[in-house]
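Please work through the following exercises with the sequence and the structure at hand. Each task is followed by a solution in steps.

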Amino acid sequence: MTPSAPTAEIADFHLAIVGGGIVGLTLAAALKDSGLKIAIIEALPPEQSREKPQAYALSLLSAHVWEGVGVWPALFPHLGKFERIQLSDGFYPGVVPFRAEELTGDYLGYVGEHRQILTTLQTFLDGAENLRWFCPARVTGFQTGGDWTEITLERGESAEVIKAKLLVGADGAQSPIRNLAGIQTRGWRYPQACVAVTVQHQAAQNITAFERFWQTGPMGVLPLPGNRVQVVWTLPLAEAQAMVQVDPETFIEALQTHLGPSFGALELVGPRRFFPVRLMQARRYVQPRLALAGDAAHGCHPVGGQGLNLGIRDSAALAEVILGAHHQGLDIGQLSVLKQYEAWRYPENLVILAFTDFLNRFFSNSFLPFLLLRRLGLELLRRIAPLKLLALRLMTGLLGRRPQIAQ
Ligand SMILES: Cc1cc2nc3c(=O)[nH]c(=O)nc-3n(C[C@H](O)[C@H](O)[C@H](O)COP(=O)(O)OP(=O)(O)OC[C@H]3O[C@@H](n4cnc5c(N)ncnc54)[C@H](O)[C@@H]3O)c2cc1C
């Protein structure tokens with residue numbers, strides 16, 4: 001895959017996607033062969049952009065989107081797959097088990113490694129006639145006027161200006177595009193941070209995703225191929241910092257206590273990674289000739305592994321709105337078109353942001369009335385089938401408006 005080499009000589013673009021991460025490339029893949037001329041601008045060289053040692057829980061809806069896009073067959077063999085999800089509250093024995101049969105599918109979700117997902121998307125887009133890569137290239141400014149946005153790129157020592165009808169900021173949580181556009185955000189930092197790590201274990205089966213709520217913060221355990229799991233462990237800030245610094249034996253011992261004996265002996269695979277946690281929603285996702293998607297538009301607590309899934313859904317929704325407008329002969333950068341995307345995705349993302357915030361606050365404390373309430377909640381989830389199904393549909397991304405590409 002050689003995204004640094006132009007795949008087509010195109011002067012002006014319908015669409016310029018800033019950010020060749022998973023969200024940006026999902027949008028490009030959904031518009032491959034659409035006839036729209038697309039620029040993908042990514043600051044990091046391709047090998048470097050693949051290097052994140054992160055894995056993500058992928059919802060059923062994300063799988064459906066990638067099926068519709070056409071990348072799923074290449075990705076599927078490399079994914080961890082889970083047939084079960086277990087929710088638990090500390091050592092309380094009332095565990096809530098969810099099974100794939102409850103949704104009539106084979107799996108409840110998947111776990112993908114960043115390198116694998118991004119490589120698959122890059123390969124899928126390689127050589128596409130309607131795409132041109134600017135990579136490595138960094139967007140340093142843009143100016144909107146009339147029918148176009150002019151985008152300034154820095155490529156090494158030289159600068160270049162390209163024109164597009166629509167600029168999409170899929171450029172991550174710090175989003176230079178959002179900042180250049182002057183779009184404010186709402187949200188807060190949690191007094192918590194995550195330690196993410198991949199470990200090898202000895203359990204006979206590796207088909208369950210666990211969400212374990214400890215009073216110090218939630219812990220997600222996601223199955224990866226090769227008897228590995230990715231652990232995302234939220235802790236109060238100072239404890240998280242300490243957990244990254246303690247010697248590996250002490251870390252493994254603490255992890256073992258929280259995972260329980262069923263995993264057998266654990267071995268660290270790769271470094272421990274530290275992430276501050278915040279909730280963020282951009283005040284708007286669109287303005288004339290500009291749309292934000294993925295972490296550029298929103299960010300949530302990692303409990304439940306929702307962040308990237310929301311971004312994939314944004315990309316599918318934005319592709320649908322753009323294609324609809326293009327087929328009607330409308331200008332894809334005009335505000336009335338982009339508002340359709342915002343009206344669709346803003347409230348749906350807000351629900352998930354609020355839900356993850358609620359889960360984290362409700363479970364990460366030792367306040368007795370909350371403790372009693374949440375155990376009652378878990379019991380109700382265990383016993384009331386429609387309630388359980390609703391929770392399952394929310395976790396797997398099957399609530400809300402489904403993009404056509406995912407149908
Ligand atoms: C500990 C942790 C665990 C998580 N677990 C999960 C999970 O299990 N499931 C899940 O769904 N989500 C999870 N998330 C969330 C997920 O990591 C993010 O939502 C996702 O990576 C965002 O993808 P993105 O493409 O929007 O942004 P990014 O991956 O940040 O990509 C943005 C791209 O834009 C490029 N860029 C930036 N500025 C410029 C510029 N000026 N010019 C050109 N290019 C630029 C960057 O180089 C980058 O490649 C987790 C997050 C954390 C912290």
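The model is predicted, so local features need pLDDT of at least 70 and side-chain atom pairs count only at pLDDT 80 or more, whereas totals for chains, interfaces and linings use all residues. Residues are numbered from 1 along each chain as its sequence is written, and side-chain values use heavy atoms, with hydrogens and water left out.

**Exercise 1. Which class does the pair of tyrosine 285 and tyrosine 341 belong to, and which parts does the pair tie together?**

Step 1. The centres of tyrosine 285 and tyrosine 341 are 6.3 Å apart with 40 degrees between the planes, and the pair is tilted.

Step 2. Tyrosine 285 lies in the loop between β16 (267-282) and β17 (286-287), and tyrosine 341 in helix α10 (residues 335-363), so the pair ties together parts that are 56 residues apart in sequence.

Step 3. Tyrosine 285 counts as buried at 0% relative accessibility; tyrosine 341 also counts as buried, at 0%.

**Exercise 2. Identify the lysines that lie over the faces of phenylalanine 76 and tryptophan 148.**

Step 1. A charge sits over a ring if NZ of Lys or CZ of Arg is within 6 Å of the ring centre and within 35 degrees of the ring normal.

Step 2. Lysine 81 lies over the face of phenylalanine 76, at 4.3 Å from the ring centre. For tryptophan 148 the residue is lysine 163, at 5.1 Å from the ring centre.

**Exercise 3. Describe the shell of residues around the ligand.**

Step 1. A residue is near a molecule if one of its heavy atoms lies within 4 Å of it. The ligand has 30 residues around it, of which Glu42, Ala57, Asp295, Leu308 and Asn309 come nearest.

Step 2. The shell divides into 16 nonpolar, nine polar and five charged residues. Here Ala, Val, Leu, Ile, Met, Phe, Trp, Tyr, Cys and Pro count as nonpolar, Asp, Glu, Lys and Arg as charged, and the others, Gly among them, as polar.

Step 3. At least two shell residues come from each of α1 (22-30), β3 (55-58), β9 (138-145) and α9 (307-327). The largest share, three residues, is that of α9.

Step 4. Oxygen atoms of the ligand lie 2.7 Å from a backbone N or O atom of alanine 57, 2.7 Å from a polar side-chain atom of aspartate 295 and 3.0 Å from a polar side-chain atom of asparagine 309. Taken alone the ligand exposes 1000 Å², and the protein buries 87% of that.

**Exercise 4. Aspartate 33 and arginine 289 have positive phi values: is each residue buried or exposed?**

Step 1. Aspartate 33, not a glycine, has a positive phi of about 60 degrees. Aspartate 33 is placed in the loop between α1 and β2 (38-41) and is exposed, with a relative accessible area of 64%.

Step 2. Arginine 289 has phi near 65 degrees. Arginine 289 is found in the loop between β17 and β18 (290-292) and is buried, at 6% relative accessible area.

**Exercise 5. Why is α1 described as largely enclosed?**

Nine of the nine residues of α1 are buried, so α1 is largely enclosed by the rest of the structure. Among these buried residues are Ile22, Leu25 and Ala30.

Technical notes:
Phe/Tyr/Trp six-rings, centres within 6.5 Å; stacked < 30°, edge-to-face > 60°. Helix = DSSP H or I, 4+ residues; strand = E, 2+ residues; numbered from the N terminus. Buried < 20%, exposed > 50% of the residue type's maximum accessible area, 1.4 Å probe, protein only. Polar contact = N/O pair within 3.5 Å; in protein donor to acceptor, adjacent residues only side chain to side chain. Areas by Shrake-Rupley, 256 points an atom, 1.4 Å probe, with all protein chains shown as cover.
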